[in-house]
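Subject: Structure handover

Hello,

Here is the structure you are taking over. My notes on what was found in it follow directly below.

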Amino acid sequence: MKNSKLIGLSMMILGAVACTKNGVEPTKDPVLRPIRQVVAMDGQKEVAAEIDHAARTIKFAAFENVEDLSAVDVKFKVAEGATLVSPKEVAKLDLTKAVEVVVNNAVINLTYTMTAEKPVLNPVKKAGFEPAENYGNFPEHLKLYVNNKLGADKKVIGYLAEISKGATISVLGNGDNNAEPKKTIMDWANEQKDWTFYFNCLSGMKSATVVDEKLIYSSGSPFPVFAVDNDGSFTVCPQRHKKVDGKYVDVLEKLDLTGKVINDNWLPKVACGGYYMVAANGKALSDEEMKKTGAFNTWFNGDATAGREFIGVNKAGDKAYCLVVGNAEGGLSMREAVAVMLSVGCKNVMTLEGSSSANMLVRGQATVKMEKFKSMGSILVVK
């Protein structure tokens, strides 16, 4: 029995060899999904196309960082057994029109149609910001941009940190910059080195602080906060410490712009206080509206140019932006800085520090240059 099986197997092998010698190829099965992946460069970010093998289409969603689609770098990966006929595996293609992609599935050539949606430019890039160099690589949920042509004279430098939902955020300090030992933003960065971004909050006054859903401090008067809510979303809004029977309790009252309570039992995961709100619902606030949201300062809000530090959130609440501006050439007026925050997509914005106290460190490295660092009661940190 063994011998008969071996003889049968040998005959099959000899038959296959004979067919090949006579020029007759053995029958092959087609590769059902011959194109495995198609990616393109959207600025410095690699994006993948959606491939529909039944319809034989390859579709790119709208690019955010590339306006000109006439010469886009595209890379193809095909499945084992398949062969890309055209274009090349790495090619610069004109995606302003449909592109034919031909692949052999081991039996026949198939033609796929590749298209790209019209670009929707990233508002940060549209506002003149470019990715900042010399600070290393960042995780996907954090980005750092720079614009050195801000202000009327186009000479003011500004750094913009983009923080996406999912980032780890906390506050160092208890909100009181007069508490001992007094620490500057650089002191904190040297002491706790595992954070990526460090932002000054307030100096000269105590600021609202919540850490790990524990209320550290808040005033009985309205002040705005940047907060990470319980669902992980971001918000900027006025708030005040809640009183029950004349005594403060360990929760906040969330307020609208007029001071009306919209949540009387609010305790976010994290919160840091600001001076007052400068924009709401995608529009700059008037002086009268600003006064109702916190410690309004006419000098701080005047037309004089100075260093500025703002934090804002987008409409969806899944992105926060912190802007720090100022250098030897001066800074921005309040209105100029607010306009920048609105242009990058912020819905609600509050002001943090100003003048020489406005500061952001990235992994302990300075962004805007400061001659000295002031002690801060709270430092907002992100990683």
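A search of the whole structure, which is a predicted model, finds zero disulfides. A disulfide is a covalent bond between the sulfur atoms of two cysteines. The criterion used here is a pair of cysteine sulfur atoms within 2.5 Å. How far is the sulfur of cysteine 272 from the closest cysteine sulfur? The distance is 3.9 Å, to cysteine 201, and that is too far for a bond. Cysteine 272 is itself buried, at a relative accessible area of 1%. For cysteine 346, the closest cysteine sulfur belongs to cysteine 322, and the separation of 9.8 Å is again too far for a bond. Cysteine 346 also counts as buried, with 4% relative accessibility.

Next, the overall form. The secondary structure consists of five helices and 29 strands. The radius of gyration is 29 Å, whereas a compact globule of 383 residues would have one near 21 Å. Along the principal axes, the C-alpha atoms fill a box of roughly 100 × 55 × 40 Å. Of the 383 residues, 46% are buried. Taking contacts between residues at least 6 apart in sequence, 63% join residues at least 24 apart.

- Serine 86 and proline 87 are joined by a cis peptide bond, with omega at about -5°. Proline 87 sits in the loop between β6 (83-86) and β7 (90-93).
- Arginine 56 is not a glycine, yet has a positive phi of about 55°. This residue belongs to the loop between β3 (50-52) and β4 (57-60), and arginine 56 is partly exposed, with a relative accessible area of 36%.
- Lysine 154, also not a glycine, has a positive phi of about 60°. The loop that holds lysine 154 runs between β11 (142-150) and β12 (156-164). Is lysine 154 buried or exposed? Lysine 154 is exposed, with a relative accessible area of 55%.

Isoleucine 35 is part of strand β1 (residues 35-42) and counts as buried, at 2% relative accessibility. Which residues does isoleucine 35 contact, leaving aside its neighbours within four places in sequence? They are Ile51, His53, Ile58, Lys77, Val78, Val101, Val103 and Tyr112. Tyrosine 112 is 77 residues away along the chain, and its C-alpha atom is separated from that of isoleucine 35 by 9.4 Å.

Valine 228 lies in strand β17 (residues 223-228). With a relative accessible area of 10%, valine 228 is buried. Apart from neighbours within four places in sequence, valine 228 is in contact with Ile169, Ser233, Phe234, Pro268, Lys269 and Val270. Valine 228 and serine 170 are 58 residues apart in sequence, and their C-alpha atoms are 9.2 Å apart in space.

Alanine 279 is found in strand β22 (residues 277-280). Its relative accessibility is 0%, so alanine 279 counts as buried. Valine 349 is 70 residues from alanine 279 along the chain, and the two C-alpha atoms are separated by 5.0 Å.

To return to the cysteines: the pair formed by cysteine 272 and cysteine 201 has its sulfurs 3.9 Å apart, too far for a bond, and the search of the whole structure gives zero disulfides.

Regards

Terms used: Residues numbered from 1 in each chain as written. Predicted model: local features only at pLDDT ≥ 70, side-chain atom pairs only at ≥ 80, totals over all residues. Heavy atoms only, no water. Helix = DSSP H or I, 4+ residues; strand = E, 2+ residues; numbered from the N terminus. Rg over C-alpha atoms; globule rule 2.2 N^0.38 Å. Buried < 20%, exposed > 50% of the residue type's maximum accessible area, 1.4 Å probe, protein only. Contact = heavy atoms within 4.5 Å.
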